[in-house]
Amino acid sequence: MESVITKQGGVLGKSVFANKDFKKGEVVIKYSLKKLTEEEFINLPKEERKFVHTHHNVHYLYSAPERYINHSSNPNTIQDLKNKCDFALRDIKK
């Protein structure tokens, strides 16, 4: 069973939802980030650019499902770029 799933909804048309209960501090999702060269970024199709984030002047393309994680003013996860994952800030119910 996948620990997270994507469903229709949200700003980008899809959102990520917990498919199981998570405890505070548990890894909720691991990223499969693709580091892009400047040329790859420039040549990326427009519809893919919305899934690119720049950290410390490096472009990263997020794949599914992590590209559909919504931003929140009261998030239940925190991003850990060093370990390429999100951790639960509190218990999360399926």
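The model is predicted, so I took local features only at pLDDT of at least 70 and side-chain atom pairs only at pLDDT 80 or more, while totals for chains, interfaces and linings use all residues. Residues are numbered from 1 along each chain as its sequence is written, and side-chain values use heavy atoms, with hydrogens and water left out.

**Rings**

I searched the whole structure for aromatic pairs and got two. For a pair, rings of Phe, Tyr and Trp (its six-membered ring) need centres within 6.5 Å; planes under 30 degrees apart are stacked, over 60 edge-to-face, the rest tilted.

Y31 and Y62 make an edge-to-face pair, 5.5 Å centre to centre with 65° between the planes. Y31 sits in the loop between β3 (27-30) and β4 (34-36) and Y62 in the loop between β6 and β7, so I noted a link between parts 31 residues apart. Helices here are DSSP runs of H or I with at least four residues, strands are E runs of at least two, and both are numbered from the N terminus. Y31 counts as buried because its relative accessibility is 8%, and Y62 does too, at 4%.

F51 and Y68 have ring centres 5.6 Å apart and planes at 75°, so I logged that pair as edge-to-face. F51 is in the loop between α2 (46-49) and β5 (52-55), Y68 in the loop between β6 and β7, so the pair ties together parts 17 residues apart in sequence. F51 is buried at 6%, and Y68 is buried at 13%.

**E66**

Next I looked up E66, in the loop between β6 (58-61) and β7 (77-80). What does its side chain reach at 2.8 Å? I found the backbone nitrogen of S32 there. E66 touches I29, K30, Y31, S32 and L33, leaving out residues up to four places away in sequence; contact means heavy atoms within 4.5 Å.

**S3**

Last stop was S3, in the segment before β1 (4-8). I have S3 down as partly exposed, because its relative accessible area is 26%. Beyond neighbours within four places in sequence, S3 is in contact with F17, A18, N19, K20, F22 and V28. I also checked S3 against K35: 32 residues apart in sequence, 25 Å apart in space, C-alpha to C-alpha.

Terms used. A polar contact is a pair of N or O atoms within 3.5 Å; within protein, one must be able to donate a hydrogen and the other to accept it, and residues adjacent in sequence count only if both atoms are side-chain atoms. Buried means under 20% relative accessible area, exposed over 50%, partly exposed in between (1.4 Å probe, protein chains only).
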